[in-house]
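Student: I am new to this structure and would like to go through its strands and helices step by step. Could we begin once the model is in view?

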Amino acid sequence: MRSMHNFTRRTTDSFAADSHCRRHRSHRIATKLLAIGLLLGQAAAIIAAEPRTLDDRLLHLRNGESREWADFAESPDAESLTVAFQAEANSTEQTLRLRQQDVKQAWRVELNGQPLGQLERDENDMIVYFAIPAGRLLDGENILTVSTTAKDADDIRVGQLQLDRRPREQVLRESRLTVAVTDADRNRPLPCRITVVNADGSLQSFGDESHDQLAIRPGVIYSGNGSATVNLPAGDYTVYAGRGLEYGVSSTRLTIKPDDSPTIKLAIRREVDTTGWISCDTHVHTLTHSGHGDATIDERMLTIAGEGIELPIATDHNKHIDYEPVARQLGVRQHFTPVIGNEVTTALGHFNIFPVPATAPPPDFRARDWPTIFDNIQQTPGVRAVILNHARDIHSGFRPFDPRHHIALTGENADGWRLRANAMEVLNSSAQQTDVMRLFHDWMGLLNHGHRITPVGCSDSHDVARHFIGQGRTYIRANDADPGRIDTAAAIDSFVAGRVMVSLGLLAELTVNDRFGPGDLATASDTVRVHVRVLGPRWAAADHVALYMNGQLIREVAIATDNGDSAAAAPAGVKWTGEWTLPSLTHDIHLVAIARGPGFRDPYWPIAKPYQPRSPAWQPTFIGCSGAVWLDRDSDGQRTSALDYAQRLVEQHKSDLPELLDRLANYDASVAMQTAGLLAHAGHSPLDPTLQQHLTAAAPQVRTGFQQFAAAWKQTQQARAGD
């Protein structure tokens with residue numbers, strides 16, 4: 001029995017031990033299964049949180065039959081984008097991410113026939129995000145479309161679509177970035193433009209809105225004090241900092257992980273010495289007062305400071321706006337001196353005027369002819385400067401310098417209206433010309449016709465970042481020691497006198513006989529020495545400089561860097577310097593220097609494509625132009641134009657055409673052109689066979705002048721015949 005008892009006890013003990021082992025093993029297995037389950041759950045959560053690619057292509061869309069730009073294919077991939085994908089109905093907000101390029105018109109984004117929003121109307125390459133409201137996704141098939149009903153041609157690229165199951169705000173606030181920008185020489189915070197692009201070079205949207213110290217758009221931040229903190233998705237980024245033409249660009253690359261909050265410091269250095277020159281933008285708008293564009297007046301103050309514009313002219317449409325109180329409120333007034341102006345927007349052209357008192361009534365813009373328009377402008381108290389804006393663009397069906405209205409070669413209005421402006425835009429960075437030289441030649445034609453007219457560079461900016469302020473600008477010769485306390489009367493005097501340089505990334509500095517600059521009348525001398533310097537920051541290349549005499553090209557040089565690469569950016573500051581000696585002349589002339597270089601569309605300073613292109617072919621160009629220096633070669637103390645000389649000659653020899661042509665041999669082609677214009681007014685067609693016969697014996701420059709005028713005159717006659 002004992003043995004049986006012992007056996008039973010041992011058996012019971014063994015059973016208990018076995019049961020304990022089994023329970024222990026089961027616990028271990030359960031623990032492992034729980035761990036595996038947790039890991040699988042976490043993996044599933046991670047997979048669910050990862051953005052889902054709906055379509056990784058970047059498609060070329062076109063809404064019209066004509067190709068807008070030559071850098072797009074002849075045939076688009078489609079007129080609109082349609083992507084079908086499977087999904088589950090969403091009980092909470094989700095997010096659509098996409099990439100867009102070259103968007104100029106309004107393109108709708110719709111999911112299952114319901115709007116999500118519109119693409120950003122911005123030609124820059126950017127990443128944008130759309131909130132998908134709860135219930136918008138369907139169980140099963142869903143249809144996403146991008147389309148437009150715009151009538152104007154628009155070549156765009158759009159795609160690389162991703163669906164993120166998180167709300168838009170959560171996606172865009174995944175991480176935080178702080179950037180601090182200082183002046184490298186003074187170690188002080190500096191108002192600036194900060195640009196953030198992803199690994200593909202696209203502008204990255206942020207999870208923040210503008211506030212009193214930051215103006216924010218996709219990939220672009222303007223800081224009024226050099227510091228910025230923004231939220232953005234995790235990823236690989238390049239961050240740039242700059243401050244307009246005069247400063248270099250500093251950059252850094254970084255990887256930001258979820259919940260990271262890195263701080264980076266960038267220092268930028270002034271690379272272009274503009275001492276004695278005030279940076280001015282004569283054409284500036286706000287959404288607040290012009291009603292279009294996207295820059296509020298608060299944002300505008302930050303962009304002015306961030307681009308280093310020292311003399312901004314407020315030119316909202318048919319309104320007098322004072323920036324002073326807002327600039328002081330935002331703490332940026334010390335960086336610039338604002339001037340009240342007005343864009344007088346009429347059916348027959350747009351005209352910027354300044355300065356004007358804030359309380360003065362705006363000029364009546366409803367007149368239907370130039371004489372009345374200019375009468376209305378000149379009745380406005382205080383106005384000193386009157387600028388003809390974007391003369392080659394059509395507004396309200398009218399183009400001021402259309403051949404039917406204007407003979408550009410001789411600067412003559414074909415309608416008999418007198419241009420009573422004393423300045424004109426030769427460069428408008430928001431309304432670029434397909435031929436970047438077109439408006440410069442128009443201006444020089446006006447000088448030859450006797451107009452005292454200042455060349456102007458401006459931005460015409462209505463936006464924070466699309467067409468940004470100060471890209472095109474005018475430098476005025478005046479005391480710039482304290483940007484917040486500029487003597488505006490002295491600066492405007494200098495502007496009206498033509499003591500300026502025009503810039504889009506470059507400057508062309510012109511000096512005659514070591515004394516005379518733009519706007520000056522150089523006294524006569526036997527030798528005329530022309531000194532030219534081309535200046536610009538390291539990031540802007542210059543490869544060509546030219547000298548024009550009375551609008552005719554007389555000297556040009558290819559600019560090469562030390563390594564012989566003419567397309568490379570030369571050292572910061574002075575990129576080229578040279579001197580020419582001109583032959584002795586007996587009549588007055590004006591000289592203009594123009595420098596050019598290959599521009600770019602890089603995100604930290606993208607040059608906008610033409611506003612009203614004349615061709616799909618276009619190349620971005622850096623350009624700098626001097627104001628005109630007049631040479632008093634006849635020593636009468638006056639600026640005598642080509643038209644003045646032509647009028648004297650025609651009056652003296654109007655009955656003797658061979659003698660008139662013979663006398664013209666003592667003058668250049670510009671005087672011959674003006675003479676041909678006067679003869680045409682008197683009824684002598686430039687195509688007349690008798691005139692053509694006499695021209696065979698004329699001097700080469702006389703034949704050239706008459707031939708060029710004949711072509712321009714014929715174009716105008718044909719245009720007017722079609723009215």
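Tutor: Two strands count as paired if DSSP finds at least two bridges between them. Please keep in mind that this is a predicted model.

Student: Which residue in strand 5 does arginine 108 stand opposite?

Tutor: Strand 4, residues 108-111, and strand 5, residues 114-118, run antiparallel and are joined by four bridges. Two residues lie between these strands in their hairpin, where asparagine 112 takes a positive phi near 55°. Within this pairing, the residue of strand 5 that stands opposite arginine 108 is glutamine 118.

Student: Which residue is the bridge partner of arginine 108 in strand 7?

Tutor: Strand 4 also pairs with strand 7, residues 140-147, in the antiparallel sense and over four bridges. In that pairing glutamate 110 stands opposite threonine 145. For arginine 108, the bridge partner in strand 7 is serine 147.

Student: How many bridges are there between strand 2 and strand 7?

Tutor: Strand 2 covers residues 81-87, and its alanine 87 stands opposite glycine 140 in strand 7. The two strands pair in the antiparallel sense, and the number of bridges between them is seven.

Student: Why is one side of strand 21 and of strand 27 left without a neighbour in the sheet?

Tutor: The open sheet to look at has five strands in the order 21-22-23-26-27, with mixed pairing. Strand 21 (342-346) and strand 27 (454-458) stand at its edges, so one side of each is without a neighbour, the reason being that each has a single partner strand.

Student: What angle does the direction of helix 6 make with that of strand 22?

Tutor: Helix 6, residues 370-378, packs on this sheet and touches strand 21, strand 22 and strand 23 (385-388). Its direction and that of strand 22 make an angle of about 20°.

Student: Within what arc do the buried residues of helix 6 fall?

Tutor: The buried residues of helix 6 are Trp370, Ile373, Phe374, Asn376 and Ile377. Seen down the axis of helix 6, they line one face of the helix, because they fall within an arc of 155°.

Student: At the start of helix 6, which residue's backbone nitrogen does a side-chain oxygen of aspartate 369 reach?

Tutor: The side-chain oxygen of aspartate 369 comes to within 2.8 Å of a backbone nitrogen at the start of helix 6, and that nitrogen belongs to threonine 372.

How values were computed
Residues are numbered from 1 along each chain as its sequence is written. This is a predicted model: local features need pLDDT of at least 70, side-chain atom pairs count only at pLDDT 80 or more; totals for chains, interfaces and linings use all residues. Side-chain values use heavy atoms; hydrogens and water are left out. Contact means heavy atoms within 4.5 Å. Axes are lines fitted to C-alpha atoms, for helices over the stretch in contact, and angles run from 0 to 180 degrees between N-to-C directions. Buried means under 20% relative accessible area, exposed over 50%, partly exposed in between (1.4 Å probe, protein chains only). The arc is that of the directions from the helix axis to the C-beta atoms. A polar contact is a pair of N or O atoms within 3.5 Å; within protein, one must be able to donate a hydrogen and the other to accept it, and residues adjacent in sequence count only if both atoms are side-chain atoms.
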